[in-house]
Amino acid sequence: MMLSPRGISVAIAGVSMWLAARFLGSPGLEVIAIGLTLLPFIAGAYLRLGTHPVSVSRHLSDARVPPGARVTVRLDVTNPSSLPTSFLLLEDRLPPALGRPARLVVTGVGSRGTQRASYSIVPQARGRYGIGPLTVDRTDAFGLSRRRVVLEGREELLVTPEIEDLRAPSEAASGSSVGGARSRQLLRTGEEYYTMRGYQEGDDLRRIHWPSVARTGELMIRQDEASRRAGGLIYVDSREALLGPARGPAFERAVSAAASVGALFARNGFSLQLGADETPIHAVTEEGFLDALTGLTHGRGRTIGRALTSLRIAGGGDTSLVFIGAPLAPQELPQLVRAGAAFGQKLAILVHPIDPESAPANRRTQLESRATQSHLTLIRAGWDCLVLSPNTRLRERWHTPRAHRPASSA
């Protein structure tokens, strides 16, 4: 319990009046002064002993949102007492990335009643955020004293990486269909590795595999479709030495690219695997994939050798590989090419650690030279390859024909 500024003023006024009463020799004024001095403390004792603490429950409009989405936080304040409460000041603590603590005033909660208060937040960066604890300041009817209670309950808000829709627009012109072709090429393993058999009377016509019909001239059925599920492995080279620190523009662009391609895989029925510099390659569900990317941070590794060994072990002809990171050093490119040989389709998305356009001339030359060498090496080895600056959206490059892409942003 503590005195409010008003309570402190009243107590000081009471002491001053008592001194004046003693000096003037006025017993009546002295009694009033004593009562005025004690009033804030009596009010505080009433708050402590004569009232029941309120309970507050917190509800999020959505516990998983993309960056930029508005989230409404609702606070339900319940008064279990048979007496109404006075004014309540609520302060809900937020992480610095979500802004200042939310402060709300509840005018009073009736006997055994509930009152709602709410506020909104708009997270701009991916991550896991804990909302809370909640502080409740309760005052007496005169506002002379204040009792503070901290409610430790927390709610977790998950802000997933930005996901770009890589599907070609339905109204796209012929030049924009390159994105659709790129998607079909990357997803080709999903149609190539079903077990086929001849059509038998009574088979579901929806399971006829028409590309096989065109090749053989006979009706072919995809047998036990669920047992042969193509996979997509997404590896994020999250080394700080190349890509920069987490929360940096290049790192966040790489994470967004991983989430976008993962969504494309999941939308087409692919199983997912994920790996990073300090995250071993492992199978994940679509939701688990986004959860893992939400908490992904940079790694301290200096070389990529150990990761590429894991890639070779995880490889398979029915698995598409997507490598996302900064352009590699020349000595690491042959290792990546060898690791990719075990996979079906292969795509590299290379993100400049800084924007070459804003770099000094010598640094820009170095960045573009490394990107060009990485791009040419991978293309010659049968990969598809895109190079992005930290400020370039993946969708822009996804739907750009190769012939129109300069080497620095190929």
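Asp291 and Arg64 are joined by a salt bridge, with 2.4 Å between the closest N and O atoms; a salt bridge is defined as a side-chain nitrogen of Lys or Arg within 4 Å of a carboxyl oxygen of Asp or Glu. Distant parts of the chain are linked by this pair, Asp291 being located in helix 8 (residues 286-294) and Arg64 in strand 3 (residues 64-65), 227 residues apart. Helices (H or I, at least four residues) and strands (E, at least two) are DSSP runs numbered from the N terminus. Arg64 is partly exposed, at a relative accessible area of 29%; buried denotes under 20%, exposed over 50%, and partly exposed the range in between (1.4 Å probe, protein chains only).

The model is predicted, with local features requiring pLDDT of at least 70 and side-chain atom pairs counted only at pLDDT 80 or more, whereas totals for chains, interfaces and linings use all residues. Residues are numbered from 1 along each chain as its sequence is written, and side-chain values use heavy atoms, without hydrogens and water.

Across the whole structure, 17 salt bridges were found. One of them is formed between the side chains of Arg128 and Glu156 (3.5 Å, N to O). This pair ties together parts 28 residues apart in sequence, since Arg128 belongs to strand 8 (residues 127-131) and Glu156 to strand 11 (residues 155-159). Arg128 is partly exposed at 43% relative accessibility, as is Glu156 at 46%.

A further salt bridge connects Glu164 and Arg253 (3.5 Å, N to O). Glu164 is buried at 4% relative accessibility, and Arg253 is buried at 12%. Salt bridges with shared partners unite Glu162, Glu164, Arg253 and Arg393 in one network.
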